[in-house]
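This briefing covers the main features of the fold shown below. Please read it alongside the sequence and the structure.

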Amino acid sequence: MELIIDSADIGKIKALNELCTVTGVTTNPTILTQSGKEALDVIDELISLLSPDQKLFIQVVKTDYEGIMEEARKISKLRPKNMYVKIPVTHDGLKAIKTCKEEGIHTLATAIYTAEQGFIAACNGADYLAPYVNRMCNYGDGVETTKDLIEMLRVHQIPTKVVAASFKNTYQVHELIKAGIQAVTVPCDVLFNMIDHPATTIAVGEFTMNWQKAYNRKELFK
Ligand code: G3P
């Protein structure tokens with residue numbers, strides 16, 4: 001399974017990239033604005049930070065077909081490999097995903113709220129589908145709908161990967177990993193919550209305390 005970071009916070013991405021085996025980074029226009037920096041500068045920083053084997057996903061900002069294609073072609077050339085264009089599944093977006101497939105541009109179909117939207121984007125040749133799990137919970141069960149999408153792709157033997165997005169808690173991630181999802185893109189705070197547990201810190205403190213009490217030193221070897 002691919003573990004992806006959904007963020008443009010360079011410091012946190014660096015830290016998590018050391019802690020975890022990270023497949024790449026996803027952003028969207030809102031995430032880039034939240035960096036507080038010029039978006040193109042942040043994109044450059046992300047490109048420098050990631051290894052060539054890690055994937056970077058940048059979303060188009062224009063919303064009409066021609067505009068999406070113009071930006072998609074530019075995004076796809078930002079790196080020699082592992083560069084993906086995120087395109088929302090609007091009418092213009094779906095048309096653009098088809099054209100990108102014909103032109104060999106890798107895409108991630110985003111802003112997916114139903115399994116049907118995702119399935120149609122997959123048929124158009126999207127490499128990844130990003131259902132907005134938490135936001136979907138405003139309309140039903142985001143986790144279950146995402147599981148439906150995974151199943152639709154499986155029974156029809158479509159190789160498109162589902163990269164679940166818009167997570168607000170570790171439970172949502174947990175359920176989809178358990179269901180065999182191909183990828184998750186997780187905000188930094190949720191990913192830290194997946195890693196950290198107060199009981200782990202307490203356990204390590206106990207080991208240190210007992211060791212020191214018994215041997216009056218802090219290390220294994222003398
Ligand atoms: O990639 C963006 C997607 O994850 C949306 O997240 O937190 O705005 O619902 P959010």
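β3, helix α4 (residues 65-76) and β4 form a right-handed β-α-β unit. From β4 the chain crosses through helix α5 (residues 91-103) to β5, and this β-α-β crossover is right-handed. A crossover is right-handed if, with the strands pointing away from the viewer, the path from the first strand over the helix to the second runs clockwise. Helices (H or I, at least four residues) and strands (E, at least two) are DSSP runs, numbered from the N terminus.

This is a predicted model, in which local features need pLDDT of at least 70 and side-chain atom pairs count only at pLDDT 80 or more, while totals for chains, interfaces and linings use all residues. Residues are numbered from 1 along each chain as its sequence is written, and side-chain values use heavy atoms, with hydrogens and water left out.

**The barrel**
- A closed barrel of 8 strands runs β1-β2-β3-β4-β5-β6-β7-β8, with parallel pairing; two strands pair if DSSP finds at least two bridges between them.
- Neighbouring strands of this sheet are turned by 25 degrees against each other on average, direction ignored. Axes are lines fitted to C-alpha atoms, for helices over the stretch in contact, and angles run from 0 to 180 degrees between N-to-C directions.

- β4 runs parallel to β3 (residues 55-59), joined by 4 bridges, and Q59 has K86 as its bridge partner in β4.
- Another 4 bridges join β4 to β5 (residues 107-112), also in parallel.
- In β5, L108 is the bridge partner of K86, and A109 stands opposite I87.

**Helix α3**
- In helix α3 (residues 39-49), the buried residues are V42, I43, L46 and L49.
- They line one face of the helix, because they fall within an arc of 125 degrees seen down the axis of α3; the arc is that of the directions from the helix axis to the C-beta atoms.
- The face turned away from the buried side of α3 carries the exposed residues L40 and S48.
- Elements covering the buried residues of α3 include α1 (10-19), β2 (24-26), α2 (29-34) and β3, where contact means heavy atoms within 4.5 Å.

Key. Buried < 20%, exposed > 50% of the residue type's maximum accessible area, 1.4 Å probe, protein only.
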